[in-house]
Amino acid sequence: MSVETAQRRRGGAQAAVVIEGLTKTYGDVRAVDDVTLNVDPGEVVGLLGPNGAGKTTLIKCALGLLVPTAGSVRVGDVDVLADPAPAYRHASAMLEGARNVYWRLTVRENVRFFAGLQGIDPRTRREEHAALLDSLGLGERADDAVTDLSRGMKQKTALACTLARETPVVFLDEPTLGLDVGASYDLRQRIRRLADEEGRAIVLSSHDMDVVQEVCDRAVVLNEGRVAADGSVEELVGLFDARAYRVTVAGALPRDVRDRLERDHGVERWFHAAEGLRFEVTLADSTALYALVEDLRETDVDLVSMTAVEPDLEDAFLQLTDRGVR
Ligand SMILES: Nc1ncnc2c1ncn2[C@@H]1O[C@H](COP(=O)(O)OP(=O)(O)OP(=O)(O)O)[C@@H](O)[C@H]1O
């Protein structure tokens with residue numbers, strides 16, 4: 001599938017992150033295979049891909065935590081491979097949930113510690129840190145040891161520590177994993193504001209399409225280490241003109257009619273419904289739609305209802321990674 005890549009449109013002179021020809025192999029496994037990707041300031045990019053697609057490896061290479069087999073990474077003005085220490089000051093990351101925070105320290109102490117690592121005197125940030133913790137719903141637990149918090153609160157503590165470093169580039173690996181609905185919503189709002197109000201460049205990996213569809217400007221789909229698509233969420237959803245329909249017909253259908261509908265129209269799934277029988281079908285265009293309706297009429301099948309299922313990012317993802325239509 002050819003997609004107009006975002007980096008071609010943007011050029012990249014002002015980019016916050018520039019990844020070029022990045023490859024990382026582990027023995028025979030090409031975990032990341034010739035990936036080129038730019039992220040602009042103020043942009044939220046979703047990194048999607050099935051398990052093992054190379055998302056974490058790509059993020060770790062971008063942070064200078066892994067040395068790639070080939071290619072280059074620039075964060076701000078810094079060449080990450082040549083100069084990993086200054087690169088660390090440009091980019092922060094939340095990896096593997098809350099494993100990187102200190103569980104015996106309080107939430108506030110953690111935030112002060114990570115700000116300090118960045119060369120920020122935490123005494124100059126008392127109000128900002130209090131506001132940060134309030135905005136993540138941690139205000140009342142700020143002086144509790146992290147070990148006493150719930151999993152979601154630990155995760156939010158890790159995020160607060162990442163943000164307290166005030167870097168222009170932020171990588172978030174599965175930031176909403178394990179959060180309840182309210183916390184996940186708050187976090188998404190927060191991520192959006194960081195980009196919109198503070199101009200930070202944010203790359204987040206997620207298996208949750210709703211999070212990516214809601215919060216990201218752009219989605220990059222990785223498959224087997226390669227970029228399968230790179231474009232705005234709207235572009236990716238719009239890649240597939242085929243529409244899925246849910247059709248309900250009255251009564252039962254003989255086996256041979258069902259077989260024929262599967263063969264001639266690609267009818268996929270059958271369900272029993274209160275009104276009769278329901279099936280799902282993906283049709284390439286209006287001609288295919290009319291052909292199906294005509295066929296049902298000629299077979300004396302009583303059509304009860306037909307509703308289009310709006311395509312979303314999940315459909316695009318499944319197509320791009322060869323996992324079929326939902
Ligand atoms: N340290 C390692 N040694 C050997 N192979 C590795 C190592 N780390 C990752 N891999 C392999 O590299 C490939 C990409 O893994 P990676 O963790 O980057 O994928 P991912 O997209 O983050 O997956 P997930 O969604 O499951 O977290 C996989 O085939 C994985 O088995």
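Guide: A nonpolar core is a set of buried Ala, Val, Leu, Ile, Met, Phe, Trp, Tyr and Cys residues joined through C-beta atoms within 7 Å. The model discussed here is a predicted one.

Visitor: Which residues have the most contacts inside the largest nonpolar core?

Guide: In soluble globular proteins, nonpolar side chains tend to be buried together. In this predicted model, the largest such core has 75 residues, and Val17, Ala62 and Ala160 have the most contacts inside it. Helix H6, residues 151–164, gives the most to this core, with 7 residues. Another core, of 5 residues, lies apart from it, and Val247, Val249, Phe279 and Val281 are among its members.

Visitor: With which residues is Val17 in contact, leaving aside its neighbours within four places in sequence?

Guide: Val17 is in contact with Asn38, Val39, Ala62, Val75, Val169 and Ala201.

Visitor: In what order do the strands of the open sheet stand?

Guide: Strands of a sheet pair through backbone hydrogen bonds, either parallel or antiparallel. Here 4 strands form an open sheet in the order S2-S1-S4-S5, with antiparallel pairing. S2 and strand S5 (78–79) stand at the edges with a single partner strand each, so one side of each has no neighbour in the sheet. Helix H2 packs on the sheet and touches S1, S2 and S4; the direction of H2 makes about 120° with that of S1.

Visitor: How many bridges join S1 to S2, and how many join S1 to S4?

Guide: S1 and S2 pair in the antiparallel sense over 7 bridges. Strand S1 (residues 17–26) and strand S4 (residues 70–75) are also antiparallel, with 5 bridges. Ile19 illustrates both pairings: its bridge partner in S2 is Leu37, and in S4 it stands opposite Val73. Glu20 has Ser72 as its bridge partner in S4. Between S1 and S2 there is a hairpin with 2 residues between the strands, where Gly27 in the turn has a positive phi of about 60°.

Visitor: Which way do the residues of S9 point?

Guide: In a regular strand the side chains alternate between the two faces of the sheet. In S9, Arg218, Val220 and Leu222 point one way, while Ala219, Val221 and Asn223 point the other way.

Visitor: Why is strand S9 described as largely enclosed by the rest of the structure?

Guide: The cut-off for a buried residue is 20 or more other C-beta atoms within 10 Å of its own. In strand S9 (residues 218–223), 6 of the 6 residues are buried, and therefore the strand is largely enclosed by the rest of the structure.

Visitor: Is the pairing of S9 with S3 parallel or antiparallel, and what is the sense of its pairing with S10?

Guide: Strand S3 (residues 44–48) and S9 run parallel and are joined by 4 bridges; Val45 stands opposite Arg218 in S9. By contrast, S9 and strand S10 (residues 226–232) pair in the antiparallel sense over 6 bridges, and Ala219 has Gly231 as its bridge partner in S10. The hairpin of S9 and S10 has 2 residues between the strands, and Glu224 takes a positive phi near 50° there.

Visitor: What surrounds the ligand?

Guide: The shell around the ligand has 4 nonpolar, 6 polar and 1 charged residues by class. Tyr26, Val29, Ala31, Gly49, Asn51, Gly52, Ala53, Gly54, Lys55, Thr56 and Thr57 surround the ligand.

Visitor: Which element supplies the largest share of that shell?

Guide: H2 supplies the largest share, 3 residues. Strand S2 (29–39) and helix H2 (55–63) each supply at least two residues of the shell.

How values were computed:
Residues are numbered from 1 along each chain as its sequence is written. This is a predicted model: local features need pLDDT of at least 70, side-chain atom pairs count only at pLDDT 80 or more; totals for chains, interfaces and linings use all residues. A residue is near a molecule or strand if its C-beta atom, placed from the backbone, lies within 6 Å of it. Ala, Val, Leu, Ile, Met, Phe, Trp, Tyr, Cys and Pro count as nonpolar, Asp, Glu, Lys and Arg as charged, and the others, Gly among them, as polar. Two strands pair if DSSP finds at least two bridges between them. Two residues are in contact if their C-beta atoms, placed from the backbone, lie within 7 Å. Axes are lines fitted to C-alpha atoms, for helices over the stretch in contact, and angles run from 0 to 180 degrees between N-to-C directions. A residue is buried if 20 or more other C-beta atoms lie within 10 Å of its own, exposed if 12 or fewer, and partly exposed in between; C-beta atoms are placed from the backbone.
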